[in-house]
Amino acid sequence: MDKEIVLKQLQNIVGNEYASNREEELYIYSQDPGASKPRNVDFIVLPMTVDEVQQIIKYANKEKIPIIPMGGGLTLSGLIIPVKGGIVMDMKRMNKIIEINEPSRFALIEAGVSTGQLLSYLNNNYPQLQPPIPDAPPSATVAGNVLIHGSGYLSQKYGDHGSMINGLEVVLPNGDICKLGSCSVSNYWFSRGPIPDLIGLFTSSFGTLGVITKLSVKLYPKPNFRDVVFGLLNDPKDIPKLLLEITATGLAEDVLLGMQDKPEWMKGYIFVMTYVTGETQEVIEENTKIFKKVYKKGNARFMKPPDRMRTIYLEKPIFAAGAADYRKGGGFEYVGAFMPLEKVPEAYIKAAEISRKHNIPPTIGSRLMSGTHTIVVFFSYSFNRADPKDMENARSALHETNELALNLGGIPWKVELEGQKLVLDKMDNNYKKLLNLIRKTLDPNGIMNPGNWEVTEK
Ligand SMILES: Cc1cc2nc3c(=O)[nH]c(=O)nc-3n(C[C@H](O)[C@H](O)[C@H](O)COP(=O)(O)OP(=O)(O)OC[C@H]3O[C@@H](n4cnc5c(N)ncnc54)[C@H](O)[C@@H]3O)c2cc1C
């Protein structure tokens with residue numbers, strides 16, 4: 001490939017300022033904030049229209065150059081760092097909020113709209129509505145989050161963020177534009193069905209099947225009041241019973257768990273945080289009394305958080321990175337696994353052992369998704385970014401955690417390359433064949449984020 005010719009072509013499509021192969025810019029895109037090793041990037045391109053996305057993809061397909069779609073680049077698991085070089089397509093300039101539909105409660109947005117942008121737009125213009133957003137930094141995109149089955153403060157009540165997609169507009173690897181969901185039949189992006197559901201193909205496929213240019217996500221009514229109560233457990237074995245009690249009330253908007261050795265005052269406890277909502281303060285007080293009883297029944301000590309903590313925990317997003325920098329040097333990687341509830345105690349106990357073995361203070365958390373149907377367990381490993389050995393140590397802890405999750409019957413979430421191999425090793429062979437068939441049919445030249453979910457057929 002003649003790099004100057006490719007650059008010129010990309011610049012012809014998006015303008016000189018928005019395509020680059022300058023070393024200092026490639027350096028930034030060759031890594032993410034997690035523990036992955038940097039990898040080579042050849043070009044960066046920032047399209048502004050669907051037509052530009054189509055032109056870039058058609059050109060890359062003709063020249064067989066890999067394309068890696070990128071939102072905020074914040075998954076921490078290296079998903080937007082090219083495995084085989086190529087063009088990183090940064091979606092940030094496609095940031096229009098196209099429609100907020102109040103009666104059908106959805107937002108139709110471009111793929112570069114950030115979670116912070118959508119949240120503040122709704123707060124200013126539709127304060128009665130709230131979006132599904134994670135506790136990630138506000139520069140994470142809504143698309144990037146829903147596409148990795150993310151989760152956030154509405155997940156206990158309404159499910160993971162992947163299930164909140166009503167519709168997608170995708171540019172396929174051959175450059176065709178395809179609409180999925182009700183928008184393929186109607187002007188309203190209000191529903192995923194009732195037609196064959198192809199949206200799921202694009203979730204957790206890490207940009208290997210096409211570039212999403214527009215999406216519709218569900219919005220939810222915002223109650224007037226929201227509060228958080230804490231329960232303290234001593235033994236991870238008590239987690240399932242307590243969570244079943246909490247969710248049986250039908251009153252919790254969000255349920256978060258945390259077990260960490262630092263700060264010192266958290267050591268020895270599992271914190272179970274339940275978010276209570278209501279139309280009046282009286283309802284909140286009534287519900288709080290109910291949770292006091294529920295916590296007691298589930299062996300947990302009830303606690304109303306002190307004001308300072310309450311303020312932090314009621315923020316959206318919560319400042320989750322507070323648990324990060326124990327090693328100093330700014331590195332922290334947090335991945336996780338979707339787990340069946342009954343295996344959560346073992347996951348906590350064994351993940352804490354993995355952390356201690358690697359000399360990292362255990363920092364484990366979870367979030368419930370729609371009752372106890374799924375629980376995402378996060379394992380966080382801090383490292384010193386300036387110390388390659390310390391980064392290797394975190395990578396090794398992550399690998400062991402992925403093995404643990406799979407052995408317990410869980411599925412690693414937003415999983416990095418090595419973990420993807422572990423998942424594929426365990427996956428049913430015909431599932432893999434189908435995945436491969438779909439991918440080869442849509443992308444015969446293998447240009448879409450190659451190296452990810454790469455199936456070697458037996
Ligand atoms: C401090 C911190 C806290 C976090 N807390 C949470 C949390 O509470 N809940 C949670 O779910 N996550 C959390 N995360 C993880 C992650 O940040 C979020 O899930 C985030 O929303 C991912 O969005 P992104 O825009 O950064 O996606 P990216 O990292 O840019 O992309 C994610 C994946 O989607 C693909 N992709 C992105 N855009 C497109 C597109 N337009 N077309 C096709 N494919 C695309 C990418 O190729 C990649 O494979 C947290 C991360 C950090 C750093």
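Helices (H or I, at least four residues) and strands (E, at least two) are DSSP runs, numbered from the N terminus. The structure is a predicted model, in which local features need pLDDT of at least 70 and side-chain atom pairs count only at pLDDT 80 or more, while totals for chains, interfaces and linings use all residues. Residues are numbered from 1 along each chain as its sequence is written, and side-chain values use heavy atoms, with hydrogens and water left out.

**Domains**

- The protein is divided into domain 1 (3-90), domain 2 (97-221), domain 3 (225-318) and domain 4 (321-421); these bounds come from an automatic or database domain assignment.
- The C-alpha centres of domain 2 and domain 4 lie 27 Å apart.
- Their contact takes 13 residues from domain 2 and eleven residues from domain 4, where contact means heavy atoms within 4.5 Å.

**Helix α3**

- Among the buried residues of α3 are Val 50, Val 53, Ile 56, Ile 57 and Tyr 59; buried means under 20% relative accessible area, exposed over 50%, and partly exposed in between (1.4 Å probe, protein chains only).
- The buried residues of α3 also include Glu 52, Gln 54 and Asn 61.
- Just after α3, Lys 64 takes a positive phi of about 55°.

**Nonpolar cores**

- A nonpolar core is a set of buried Ala, Val, Leu, Ile, Met, Phe, Trp, Tyr and Cys residues joined through side-chain atoms within 4.5 Å.
- In the largest nonpolar core, which has 50 residues, Met 89, Ile 100, Leu 118, Leu 168 and Leu 215 touch the most other members.
- The largest share of this core, six residues, comes from α3.
- This core draws at least three residues from each of domain 1 (3-90) and domain 2 (97-221).
- Apart from this core lies another, of 43 residues, among them Leu 257, Val 276, Ala 397 and Leu 398.
- Leaving aside neighbours within four places in sequence, Leu 215 is in contact with residues including Ala 107, Ile 109, Val 142, Leu 168 and Trp 189.

**The five-stranded sheet**

- Five strands form an open sheet in the order β5-β6-β10-β8-β9, and the pairing is antiparallel; two strands pair if DSSP finds at least two bridges between them.
- Strands β5 (97-101) and β9 (177-181) are the edge strands, and each pairs on one side only.
- Neighbouring strands of this sheet are turned by 10° against each other on average, direction ignored.
- Axes are lines fitted to C-alpha atoms, for helices over the stretch in contact, and angles run from 0 to 180 degrees between N-to-C directions.
- Helix α4 (residues 115-125) packs on this sheet and touches β5, β6 and β10, while its direction makes about 45° with that of β5.
- Strand β6 (residues 106-110) runs antiparallel to strand β10 (residues 211-218), and five bridges join them.
- Glu 110 stands opposite Lys 214 in β10.

**The eight-stranded sheet**

- The order of this open sheet is β15-β12-β14-β13-β17-β18-β16-β19, with antiparallel pairing.
- β15 (301-303) and β19 (411-413) stand at the edges with a single partner strand each, so one side of each is left without a neighbour in the sheet.
- Neighbouring strands here are turned by 25° against each other on average, direction ignored.
- Helix α10 (residues 344-357) packs on the sheet, touching β13, β14 (270-278), β16 (330-339), β17 and β18 (374-384), and its direction makes about 5° with that of β18.

**Strands β13, β17 and β18**

- Strand β13 (residues 252-260) and strand β17 (residues 363-369) pair in the antiparallel sense over five bridges.
- Gly 258 stands opposite Gly 365 in β17, and the bridge partner of Gly 365 in β18 is Phe 378.
- The hairpin of β17 and β18 has four residues between the strands, and in this hairpin Ser 370 takes a positive phi near 45°.
- Ten bridges join β18 to the antiparallel strand β16, and Phe 332 stands opposite Ser 382 in β18.
- Nine of the eleven residues of β18 are buried.

**Strand β14**

- In a regular strand the side chains alternate between the two faces of the sheet.
- Both faces of β14 are covered, with buried residues including Ile 270 and Val 272 on one side and Phe 271 and Met 273 on the other.
- Strand β12 (residues 225-233) pairs with β14 in the antiparallel sense over nine bridges, and Gly 231 stands opposite Val 272 in β14.
- Six bridges join β13 to β14, and the bridge partner of Asp 254 in β14 is Tyr 275.
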